[in-house]
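Biologist: I want to know what stands behind the words used for this model. Please set each term against its cut-off.

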Amino acid sequence: MKSLLKFLKNYKKESVLAPLFKLLEASFELFVPLVISRIIDVAIPGKDHPMIIKMGLVLVGLALIGMVAAITAQFFAAKAAVGFSTELREAVFSHIQTLDFTSIDKIGTSTLITRMTSDINQLQNGVNMVLRLFLRSPIVVFGAMIMAFTIDVKAALVFVVTIPLLAVVVYGIMLLTMPLYKRVQGNLDKVLGHTRENLTGVRVIRAFRLEKKELKDFEFDNRVLTKAQTHVARFSALSNPLTYVIVNGALIALIYIGGVRVNIGDLTQGQVVAIVNYMSQILVELIKFADLIVLITKAIACGDRVEAVLKTRNAADAREKDDADNKAESQAENSFEKPCNESAPGGEYIVFDHASLKYAGAGDETLTDISFSVKKGETIGIIGGTGSGKTSLVNMIPGFYKATSGSVRIEGKNADEYESTELLNKVGVVPQKAVLFKGTIRSNLLWGNENATDEELWKALDMAQATEIVKGKENGLDAVVEQNGRNFSGGQKQRLTIARALVKNPEILILDDSASALDYATDAALRKAIASISDTTVFIVSQRASSIRNADKIIVLDDGAVVGVGTNEELLKTCEIYREIYNTQVET
Amino acid sequence: MKSKKQDINKKTIGKILNYIRHYIPLLVISLILAAAIVVGTLYIPVLIGRAVDLFLYGKGGVDFDELYRILIRMGIVIVLTAVSQWVMNTINNHITYHVVEDIRNDAMRHLHDLPLSYLDKQPTGDIVSRIVADVDTFADGLLMGFTKFFTGVMTILGTLVFMLRTSPFVSIVVIFITPLSFFVAKFIATHTHDYFQSQSKIRAEQTALIDEMIGNQKIVKIFAKEEAVKDRFNEINGRLHDSSLKAVFYSSLVNPSTRFVNSLVYAGVAVVGGFFVIRGFALENANIFTTLTVGELTCFLTYANQYTKPFNEISGVVTELQNAVVCASRIFEFIEAKPRTPEAENAAVISDVKGNVSLKNVEFRYVEDKPLIRDFSLDVKPGQRVAIVGPTGCGKTTIINLLMRFYDVDEGSISVEGLDIRNVTRDSLRGSYGMVLQDTWLKAGTIRENICMGKPDATDEEIIAAAKAAHSHSFIKRLPNGYDTVIGEDGGMLSQGQKQLLCITRVMLCLPPMLILDEATSSIDTRTEIRIQKAFAKMMQGRTSFIVAHRLSTIKEADVILVMRDGNIVEQGDHESLLSKGGFYAELYNSQFAV
């Protein structure tokens, strides 16, 4: 929670001024009982009408100044709180942008969404209220006590007992409920996850007629949430009655002591009324404060959850840091042993040099000892079974995953050593899952290159066999794309995502099984078009032998290892696994 | 315009009350307790006033016997009030949380009752935000409303009675100035409503963006678009900042303004009350219309405070409720979205399906003026395999939407075993199909739960047999906890191919009489696919199957091939006859190995 306070940094002025003005307001309120006591003790016995009116005007004056101070305080508090939440949301969102896929999988999308929305909203509310009330309440409480002391020390001692007692109760309830609120939020997350799931999987749920079961599961989670909520509420509902009992108990004591003191002649009627009024002020303030505590406990729980997102570090980064020393050493060794590789002889453009990859936390290596080299402009086919590591392999080229041993070099330079954007600018990737974003076709294509002209867009669409999709739309390039591109079919999305990558005009193009939803004719036309760009190095990952059989080089993967490299003809002669794949597809 | 808005608000409030209806007994108890609390709270100042009056004569003049009696009575009242407070709060919380639970359940129930045409159009994030965030904001508002509104109203009424009984004239001061605070609050509330609404709208927009971008973080990374996405986010965030600032600040004006009115009342009571006390000294036959004691004045001053406090609170509640009503109306908008066509009266439960499916002159469109499928007829006999082929986007998945009755046909009819599917329960219709979609969807839960979807009571042996048949057993076995491995939302760490294998296993387990396979194996390598196809072939034996596939092997083995183009069936027949025909199919086929 503490680390979130830095988001108030830009609102230091407001964060100081808001409570300050509240303090002003509170101090004016503290004068009110004194004025009343003067009316009772001086004006009434003296039958002094003008004085009563004068005192009435003093009361109005105090109220007016109080209101101006309060509105000023509200303004600064609102500004600081809204500014805080805006900056925090921005920071959390940017931080999520830096997370790798593994981290996002681990946290879960729905949690990220609650944290970015309702949690931060609660926090905003919390900050606002804290700035407005958190200082005000102690000032009123202690101010009232000090004022009581100025009237009568003995009666004021009741305040000295009451205030710590109140503090214990309020703080105790806060400590008790804090972990419970955390649990409530966790349960809320589950309900949210369920809701999302029911929306994204609605077809499958209906096909399997699981509506009733899903509803039952949802109702169960919902019930658990309600139970957790009522459980917390039972405790937090204690704070008001308890403070009420303590303060009113104190009033009984005060009146008794007051009676004794009046009887000896040490106090007047008006003074007793003033002291009673101070105690009442404390009660009024405490009721507000108790509400505030509930809000703060909730806000702190939310804050911790938001903070947890900000503190999530990528596993790879963490590993990198730990291994920094070892790596430096081993790299030095490598360069000493194989100096010739660094100069990239023979126009070798991309080199995998005994590269292995192991995901953080995974037991086995996903890729083991991968070695091959590629010349500029070549087309490389990568084929292999599910889980054989094809996607991991191509993802190492733009540096999404870093080799845990060995190296991947592009133009003689280690992939790790590139600035991430430098390498990304060279590489166009079309991932397996075709995703388009809400906007227009044009806005989606421009992801590849913001400055592309319409002509360039059409050229890319043409190569990706997507021209007819766009032409078929009423607004052409400006046709609307709905969220996740769901107004397009799978095949249409694939072609548009390919076009998106082509707009980038990449030096290296990676098609990660991205033609799976295309029919053979479209697939073939696509490959033909891509082959016509001569200086682009193309990687085609596919399940179809037909898609890769004309590649300059085919890499056959099996269980994370290379089992064959060569052309179609070579592999048919030498590679058992390739032959099997090829034959099953061509013969049936 | 304004009255229309209020009308909508009224309707929404009516619906909220409808949800509370089930809790009437509790509500009554809560109301009684609220009344008890009010009486207790109001009685204490009276007692204090009486005690203060004992101090009038100063030194040596205090009647301690009377003082003790008053103090003991105070003690009893305090304890009773506190207990009532706790019980009432607990009851109110109970009601609120349960109402929220009921609304969420209703929303979820309705979700399953909505046509896909609605769900396909509405952004997921927006619906999620309605069911989760809006219901929550609504709950907070309702909670505040419950606890404060009732006690507020009762305090106002109670104070009025107590005050009038003590001094009608001084009461007039309170009664006349106080309503001011109500007007101030109302004025502010009506003027902030729009800010709250726009805040709510921008929030929904932001949630949708978060949903989209964070859900597809990898693509964002591939194109190094983090900055651009951040810019878009920040633009919305900036707008949210502006509208939130306005909503928060203007609504926070209510408190200081009403408090000021409160202070005016206080000053008024002090002055007028002071006059009455002085007047009382001169009068012989004092009564409540002519005089006041100092103790009564202090009691009055406390009331003056308490009398405006509920107004403060009610006005605070009004802004909060305003926000809650906005959220509630968004929820109800969802809950009341037009449900799908209800089941026909006497809808038949089809059982003993052999696999006769016939489509007659089917017309269908997603968008009003864009016809997609036109005059499409097809007769399928039991056990036949129908392969649907054609260029992407030609309407193949649409046929599945129609067969499963995810969407209803616009014209013509689809019938199973001679029964129009509109006269058959959706449940029994869908139960007759086993479906594997291109979009692999898995729920958060264990592998076992995901496999058992179609047959919740399956035994371990059946599950393993199905997994073996679908070739998923070997990878499931290697997962950390085997069949009990918990997978995250949407499959989490599983690869696309593994997810697909699980979806196949799911169907393999329950084996309905008809099958729908939509490019089901496109992400699975050929070696695995060969095995799956063998399993499929076995499974399809005697089962009517509709297969949307690009695999030549699947297509070749089909009894009927539907060649689709632009929503129309352009050719129909088996592989050989279509090839020899030399039409569109032949063109597709011949291009297969061309580069």
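Modeller: Start with burial: a residue is buried if 20 or more other C-beta atoms lie within 10 Å of its own, exposed if 12 or fewer, and partly exposed in between, with C-beta atoms placed from the backbone. The model is predicted, so local features need pLDDT of at least 70 and side-chain atom pairs pLDDT 80 or more, while totals for chains, interfaces and linings use all residues. Residues are numbered from 1 along each chain as its sequence is written, with chains lettered from A and ligands numbered from 1 in the order in which they are written.

Biologist: Which residues of α5(A) are called buried?

Modeller: R136(A), S137(A), I139(A), V140(A), V141(A), G143(A), A144(A), M147(A) and A148(A) are buried. They pack against α1, α4, α6 and α10 of chain A.

Biologist: What makes the length of α5(A) agree with a helix?

Modeller: Helices are DSSP runs of H or I, at least four residues, and strands are runs of E, at least two, numbered from the N terminus. The expected span is 1.5 Å times one less than the number of residues. Helix α5(A), residues 136-151, has 16 residues and should span 22 Å; its end C-alpha atoms are 22 Å apart, so the two agree.

Biologist: How many helices and strands does chain A have?

Modeller: Chain A has 21 helices and twelve strands. Of its 588 residues, 52% are buried. Chain B also comes to 21 helices and twelve strands, and 52% of its 595 residues are buried.

Biologist: How many residues of each chain are in contact with the other?

Modeller: Contact means that two C-beta atoms, placed from the backbone, lie within 7 Å. By that test, 137 residues of chain A touch 145 of chain B. Helix α2(A) gives the most to chain A's side, with 24 residues. That side divides into 63 nonpolar, 52 polar and 22 charged residues. Ala, Val, Leu, Ile, Met, Phe, Trp, Tyr, Cys and Pro count as nonpolar, Asp, Glu, Lys and Arg as charged, and the others, Gly among them, as polar.

Biologist: Why is α2(A) called roughly antiparallel to α10(B)?

Modeller: Axes are lines fitted to C-alpha atoms, for helices over the stretch in contact, and angles run from 0 to 180 degrees between N-to-C directions. Here the axes come within 9 Å and cross at roughly 170 degrees. Angles over 145 degrees count as roughly antiparallel, under 35 as roughly parallel, 65 to 115 as roughly perpendicular and the rest as oblique. Therefore α2(A) is roughly antiparallel to α10(B). Their contact has 17 nonpolar, six polar and one charged residues.
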